[in-house]
Amino acid sequence: MGGIAVIYNLDGRPVDQAIFERMLSAIAHRGPDGCGRWIEGSVALGCQMFHTTPEALGEVQPLADAQGNRIVFDGRVDNREDLKAAVRAKGATPRDDTDAELVLCAYGCFGEDTPQRIIGDFALVIWNAAERTLFCARDAVGVRALYYHNDGRTLLIATELQQIFADPSVTTEPDEESIGKHLAGRFEGREDTLYRRIKRFPAAHQMSIRAGQITRRAYFDLDARKQIRYRNDDEYADHFREIFAEAVRCRMRAIGGIGAHLSGGLDSTSVAAIANRLRREGKVADAPLELFSLIFDHPDLDERRHIFEAVKALGLPANYPPPVPVDMAMCVEAVRRYRELPEYPNGGFWNLLWPAARGKGFRVLLSGTGSDEWLSGSNYAYAELLRTGRWVRLWSEVREDLRRPPAPRKGGAIGLVLRSAIWPLLPADLRKMVRRLLKQPPYPDFIQPAFAARIGLSDHLQRQPRRPAGMSFGQYALYQRFNSGIVARGLELLDRSTARFGVEERHPFHDRRLYEFAMGIPDDQRARDDRTKYVLRNAMRGLVPATILARRDKALFPILTVQALERIGGEHFFDTMTLESAGWIDRARFQRDYRVRIENYREASLWPLWMTFAIELWHRMIVLEQEPTLVAGAVSAVTATRLAAG
């Protein structure tokens with residue numbers, strides 16, 4: 001892990017070195033192992049270095065080859081041996097064993113076809129000296145972040161958004177379309193930021209800038225035609241376990257030991273179990289492996305029984321740093337530091353875990369994130385049963401679903417069939433027409449109608465990628481997630497938080513090979529009956545305690561949002577809203593909606609509430625340049641009880 005800063009003056013002006021240095025200084029925390037820079041005329045490449053793999057020790061970037069090409073590389077190459085073989089077949093030989101050198105060597109052989117050959121987490125920028133071309137790319141999943149600003153004269157590229165503001169000509173003009181989607185609790189755009197002039201570089205894309213002309217294309221997408229079919233469940237489990245073990249092994253290439261999150265759930269326990277097995281079998285370096293868990297007292301979050309059971313089964317040293325509650329001070333600091341949204345309520349509580357891991361010498365932590373997105377099945381499962389004529393099974397599963405908490409559901413069985421089976425099968429235009437007739441816009445009613453109409457919010461929220469012919473609804477759910485940008489956005493926010501504490505989180509479930517596997521297997525290998533992650537459960541038999549394999553429940557994180565909102569003042573924080581003055585929000589309606597959602601926090605989506613708070617705070621501090629004040633309002637009896645219980 002490290003950080004990138006790049007300036008390219010498209011009009012040929014010399015780089016302003018003061019701006020470049022400010023871009024690098026903004027991410028000084030990412031450079032405990034040094035800072036490298038190269039400036040020539042209108043181009044500047046810089047890198048803050050944080051070495052997390054043994055091969056990277058002593059590496060200095062930007063790195064140059066014999067042709068004068070230069071690279072800044074933030075990331076990790078997991079298919080190193082395959083890529084080495086490919087470049088050697090072209091008659092080239094890497095000068096050393098670092099990932100940056102291997103990628104630069106591959107670029108010399110394959111040019112702009114290089115990104116599709118890399119498996120791993122990366123963001124890269126290469127200056128081609130002979131062609132006077134700047135080339136950049138981001139990994140297929142979007143683990144490594146990249147932001148850019150292009151005003152037609154200057155292109156700025158950065159790892160963290162706040163670096164862009166090192167150039168005083170960059171404005172804080174809001175992107176209203178992005179803000180509307182955030183207020184609706186939907187932040188799925190692949191390129192959106194809160195600023196009109198600053199964009200996120202989308203995952204699985206590459207871009208070339210030559211003679212002022214910019215070309216961009218996707219180099220990877222999920223392909224439903226690559227189907228995986230076996231005779232029985234065991235064969236699917238064997239194949240998954242092989243890919244999963246390789247995904248974990250690649251992420252254990254680290255300096256010193258490895259830390260691993262352990263929540264007591266299936267996902268993190270599976271990662272830790274595979275890591276432990278690889279270590280015992282001598283397939284990775286014999287370095288320390290320790291577990292890190294948060295213990296919550298609130299009944300919605302208390303998983304200590306499962307955590308302790310997993311720790312005992314794995315026989316590894318365990319650490320229990322206390323969770324950190326998200327409060328106003330934390331949010332204000334994040335907005336001021338990053339000039340964008342604060343932490344998520346279910347993210348900031350790791351803020352003592354990361355320094356605890358770093359204090360013990362761990363630079364790398366393995367996480368269990370990603371399994372929910374790729375192995376939990378589909379919201380379209382009922383639609384698929386209806387589409388394929390399996391009506392008896394559909395009715396059986398609907399009745400079973402209604403028996404599970406939280407129940408009863410609005411409309412009972414008929415309502416569930418209408419929402420989850422029939423509605424997804426309707427053409428998009430027909431769904432829009434029905435919403436208009438029912439006067440049910442796909443966004444909360446506290447968003448001002450004139451604002452929503454001006455930015456076309458309904459169309460934005462209902463826009464979906466076309467379902468390719470032959471793609472099942474289960475595959476389509478994965479395809480939507482991959483192309484939405486929501487996964488990459490969560491990983492970006494996580495990366496900025498961990499970087500501050502000198503820790504790199506690695507996510508085995510967010511491996512391109514696992515994405516392709518999940519896309520290729522039959523729907524019932526992802527979810528069957530009431531069991532989600534079916535293939536994972538089968539693959540982990542004998543490695544994960546049976547009680548954890550059998551779990552159908554998990555921690556209920558909405559309570560964290562309730563608690564965080566109450567800490568910042570609850571409903572009273574919104575007694576005055578700059579978002580109302582901007583014409584985006586109806587404050588009275590928002591406060592009514594706030595009360596309803598908080599009272600029904602387990603069933604209602606709380607994201608619109610949190611995102612409204614986050615954007616209000618950002619708007620006050622960054623756009624209007626106001627100092628925030630903590631509103632000390634009364635806390636309702638219901639929420640006071642919940643806070644006390646937590």
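Six strands form an open sheet in the order 4-5-6-7-11-12, with antiparallel pairing. Strands here are DSSP runs of E, at least two residues long, and helices are runs of H or I, at least four, numbered from the N terminus. Two strands pair if DSSP finds at least two bridges between them. Strand 4 (63-64) and strand 12 (213-218) are the edges; each has a single partner strand, so one side of each lacks a neighbour in the sheet. Inside the order, strand 5 (residues 70-77) runs antiparallel to strand 6 (residues 120-128), and eight bridges join them. D74 has A123 of strand 6 as its bridge partner.

This is a predicted model: local features need pLDDT of at least 70, side-chain atom pairs count only at pLDDT 80 or more, and totals for chains, interfaces and linings use all residues. Residues are numbered from 1 along each chain as its sequence is written, and side-chain values use heavy atoms, without hydrogens and water.

Now the helices. Helix 25 (residues 587-599) and helix 26 (residues 607-623) have axes that come within 10 Å and cross at roughly 135°. The axes are lines fitted to C-alpha atoms over the stretch in contact, with angles from 0 to 180 degrees between N-to-C directions. F590, D593, Y594, R597 and I598 of helix 25 meet P608, L609 and T612 of helix 26. Contact means heavy atoms within 4.5 Å.

Confidence comes last. The pLDDT, the predictor's confidence in each residue from 0 to 100, averages 92 for the protein, and 96% of the residues score at least 70. Over residues 631-646 the pLDDT is below 50, though this stretch has 28 contacts beyond near neighbours in sequence.
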